[in-house]
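Trainee: I have the sequence and the model open. Can we go through the fold by question and answer?

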Amino acid sequence: MQVGGECMFRRDYLVRLIEDMTQMIAKVFSLKQERKHTEALWELDELFKRQFRLNSGLLRSLSAADIEQLFRNHGYLEADKLQSAARLMEEEASLLLELEREEEAVMLYTKVFQLYLKSALQGADPKLIGLRERIGLVKERLRAYAWPETAMLDYYAYTEQQGMFAEAENTLYQLLDSGKIEYDEAVRFYQRLQQKRPEDLAKGGLPLEEVEEGMDELHRRFPHAAVDGDKPIPGLD
């Protein structure tokens, strides 16, 4: 009974938080239209303090990993709170961009991207803020910039999790070419896909025949590593 009560409390808190955020984002948009960017930043900072007992200056100074730690409770990541805070940070980044503070904006967008991905991978409610859409929008913002290694790795995991198999494959090869992923992980990726239903693979942009071609291409590109490549990897029998 207590567990159910705690879940109900958390859900009520999140509903109120999203309502506050929605109103604040509307207010920020209005202030942006009036070119009152400084006032809009103040409003966001007040909401950070009210809802998370944090201030935007602190969040700008911390790494994504450090911010993530602030949202851990007894080792458990409060993924919905994290994605909510990241949503406000995204709004702040857009204000910084309009103020022509591009370097600060890009750094903040990068943190937002990392926090969104971490939230998604840790089971955040995708409908709460439209998480998948937000990830796509921030990714587009960062299209001209290099991503940190952790962001690339999380994006690879996220795209596979979401069934975006063609995108996952593209990211895999970027990681493989830069030495951030080992050959064995690439083999595991294709072996995991071979266990999927053909219709799911096709929906994810990577039909079964292309999965087989991908495995063959992997062996061609890494012939020495591929000597034992056809042997099952433990855990995927």
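Trainee: Is His74 buried or exposed?

Mentor: First, the ground rules: this is a predicted model, where local features need pLDDT of at least 70, side-chain atom pairs count only at pLDDT 80 or more, and totals for chains, interfaces and linings use all residues. Residues are numbered from 1 along each chain as its sequence is written, and side-chain values use heavy atoms, with hydrogens and water left out. Buried means under 20% relative accessible area, exposed over 50%, and partly exposed in between, with a 1.4 Å probe and protein chains only. His74 has a relative accessible area of 82%, so His74 is exposed.

Trainee: Where is His74, and what is its phi?

Mentor: His74 sits in the loop between strand 1 (72-73) and strand 2. Helices (H or I, at least four residues) and strands (E, at least two) are DSSP runs, numbered from the N terminus. The phi of His74 is positive in a residue other than glycine, near 55 degrees.

Trainee: Which loop holds Glu100, and is Glu100 buried or exposed?

Mentor: Glu100 is in the loop between helix 5 and helix 6. Its phi is positive, about 65 degrees, although Glu100 is not a glycine. With 72% relative accessibility, Glu100 counts as exposed.

Trainee: How many helices and strands does the protein have?

Mentor: From the N terminus on, the order of elements is α-α-α-α-β-β-α-α-α-α-α-α-α-α. The C-alpha atoms fill a box of roughly 60 × 50 × 30 Å along the principal axes. The count is 12 helices and two strands.

Trainee: Is Leu77 buried or exposed, and what does Leu77 touch?

Mentor: Leu77 is found in strand 2 (residues 76-77). Its relative accessible area is 3%, so Leu77 is buried. Contact means heavy atoms within 4.5 Å. Not counting residues up to four places away in sequence, Leu77 touches Glu68, Phe71, Arg72, Leu82, Lys118 and Gln122.

Trainee: What is Phe52 in contact with?

Mentor: In soluble globular proteins, nonpolar side chains tend to be buried together. Neighbours within four places in sequence are left aside here. The contacts of Phe52 are Tyr13, Leu17, Leu47, Phe71, Lys81, Ser84, Ala85 and Leu88.

Trainee: Why does the span of helix 10 agree with its length?

Mentor: The expected span of a helix is 1.5 Å times one less than its number of residues. Helix 10 (residues 183-194) has 12 residues, so it should span 16 Å. Its end C-alpha atoms are, in agreement, 17 Å apart.

Trainee: Which helices do the buried residues of helix 10 pack against?

Mentor: Those buried residues are Tyr183, Ala186, Val187, Phe189, Tyr190, Gln191 and Leu193. They pack against helix 8, helix 9 (165-177), helix 11 (198-203) and helix 12 (208-221).

Trainee: What covers the buried residues of helix 9?

Mentor: In helix 9, the buried residues are Phe165, Ala168, Glu169, Thr171, Leu172, Tyr173, Leu175 and Leu176. Gly179, with a positive phi near 75 degrees, follows this helix. The cover includes helix 8, helix 10, helix 11 and helix 12.

Trainee: Where does Pro223 lie, and what is its relative accessibility?

Mentor: Pro223 lies in the segment after helix 12. Its C-alpha atom is 27 Å from that of Thr159, 64 residues away along the chain. Pro223 counts as partly exposed because its relative accessibility is 46%.
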